[in-house]
Amino acid sequence: MKKIKIGKLEINSFVYIPPMAGVTDLAFRKVVRMFDKDTLIATEMVSSKSLMYKSDPSIMKLSLDEHPVGIQIFGHEPDVMANAALIAEGKGADFIDINMGCPVPKITKGKDGAALMREPDLACEIVKAIIGAVSIPVTVKMRLGWDECQKNSPELAMRLEQLGVCAFTIHGRTREQGYSGNADWEAISKVRKCVSVPVFGNGDVRTPHDALRLIEVTGCSGVAIARATMGSPWLSMQINKFLSYGEIVPSPNDFEKLDIAKVHLHELVKIKGEVIGIREARRHLINYTKGMPNSASFRAEIGQISTMQEAEELLLRLKEYLMEHSNKSNNHEENKEFVSISTE
Ligand SMILES: Cc1cc2nc3c(=O)[nH]c(=O)nc-3n(C[C@H](O)[C@H](O)[C@H](O)COP(=O)(O)O)c2cc1C
């Protein structure tokens, strides 16, 4: 596999799991690392102000064994962003990712996130301040532009590269599009052609074959996959194996998925405590069990769990249900070697 160089950081992965608020927390990242030690991954976005002014050391706590990992920050004040980046570097981040893509009005109304694409001079000032403050690589994640009339990602990326940005993630939609329609991979390719640093193409990659197609269409160095990893933390490993060796690694069977879900549940509760951990585990458990027999009725029950005991009992019942209804299409014997997981 050809290493991707992001400044001084060399990675053995074609995949970047980009920030997802409420998803790419420490528990999720630990589960991803059970399958793929090399994939590039980032924390959820964190406000530069909260990183700078809140002294809580648990904010954006990284684990020693999860590298390469980046911290994504958002904000619009160059000095605050630079200070936040310095704090993130002190927490052990391997790179700083700057959020210039978040479309949520709560964020953009304060010139943060995707609003920075409409303020290219300010975006440049922020990047300059951050690069001047830290010695780790700085990356930028952006959309195609603010809206159909302002698709300025190629010009902005060129300016930011000149200031020292080491890699870009380009989500092939505008801020106005939100998540509607299909990601425009051709438009990503226009940005890729304008810069010489690595670009991770982003948007609508769900399978290893999608990843290959995106790379073929865009010429990007790698792919950023977000939503498709929810409930499938093994996906980056499958994509890396496919892009590196043409190898197709089967997904875990339903029984294995439930074991992985249990590990995720335990990590969440260990890190966040039972009340928050269980509340946040619900969405993950729903994602892990998607497509399983009778999953719709189990999903309703997952929405009601509030203790670890209830969560574990539900997973056990789901497993028993699967055993009763397992048939030839459920290849759990065949995939037994997929991964050996301890749920303790
Ligand atoms: C639940 C959720 C939270 C997200 N949070 C962030 C975030 O904190 N920062 C960011 O740059 N992008 C965020 N995104 C956008 C994703 O990183 C990604 O760009 C987008 O989902 C498109 O990629 P996909 O089609 O692979 O999902 C989020 C997306 C989702 C679904």
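Strand β10 and strand β11, residues 222–224, pair in the parallel sense, with three bridges between them. Before I go on, please note that this is a predicted model. For that pair, F200 has G222 as its bridge partner in β11. To get from β10 to β11 the chain passes through helix α8, residues 208–218, and this β-α-β crossover is right-handed.

Now the other neighbour of β10. Strand β9, residues 167–171, runs parallel to β10, and four bridges join them. Here T169 has F200 as its bridge partner in β10. Between these two strands comes helix α7, residues 185–194, and β9, α7 and β10 form a right-handed β-α-β unit.

Next, β6, which covers residues 69–74. Six of the six residues of β6 are buried, so the strand is mostly covered. V69, I71 and I73 point one way, while G70, Q72 and F74 point the other way.

I will take the partners of β6 in turn. With β4, the pairing is parallel over two bridges, and A42 has G70 as its bridge partner in β6. With strand β5, residues 46–47, the pairing is again in the parallel sense, over two bridges. In that pair S47 stands opposite F74.

On to β7. Strand β7, residues 95–100, runs parallel to β6, and the two are joined by four bridges. I73 stands opposite I98 in β7. The chain goes from β6 through helix α3, residues 78–90, to β7, in a β-α-β crossover that is right-handed.

Helix α1, residues 26–35, has seven of its 10 residues buried, so it is largely enclosed by the rest of the structure. The buried residues are L26, A27, F28, R29, V31, V32 and F35. What do they pack against? The strands are β3 (15–17), β4 (40–42) and β6, and the helices are α9 (235–245) and α10 (254–272).

P68 sits in the loop between α2 (48–53) and β6.

Another is D204, whose phi is positive, near 70 degrees, in a residue other than glycine. D204 lies in the loop between β10 and α8. Is D204 buried or exposed? There are 20 other C-beta atoms within 10 Å of D204, and the cut-off for buried is 20 or more. D204 is therefore buried.

Then there is N294, which is not a glycine either, with a positive phi of about 60 degrees. N294 is in the loop between α11 (274–289) and α12 (295–302). For N294 the count is 12 other C-beta atoms within 10 Å, and 12 or fewer is the cut-off for exposed, so N294 is exposed.

A word on the ligand. There are 22 residues around the ligand, and those that come nearest are P19, M20, M45, A226 and R227. By class, this shell has 11 nonpolar, seven polar and four charged residues.

Last, the domains. The chain is divided into domain 1, residues 4–245, and domain 2, residues 254–325. How far apart are the C-alpha centres of the two domains? The distance between them is 29 Å. Six residues from domain 1 and 10 residues from domain 2 take part in the contact. On the domain 1 side, four residues are nonpolar, one is polar and one is charged.

That is the tour; I will take questions now.

Definitions and conventions. Residues are numbered from 1 along each chain as its sequence is written. This is a predicted model: local features need pLDDT of at least 70, side-chain atom pairs count only at pLDDT 80 or more; totals for chains, interfaces and linings use all residues. Two strands pair if DSSP finds at least two bridges between them. A crossover is right-handed if, with the strands pointing away from the viewer, the path from the first strand over the helix to the second runs clockwise. A residue is near a molecule or strand if its C-beta atom, placed from the backbone, lies within 6 Å of it. Ala, Val, Leu, Ile, Met, Phe, Trp, Tyr, Cys and Pro count as nonpolar, Asp, Glu, Lys and Arg as charged, and the others, Gly among them, as polar. Domain bounds come from an automatic or database domain assignment. Two residues are in contact if their C-beta atoms, placed from the backbone, lie within 7 Å.
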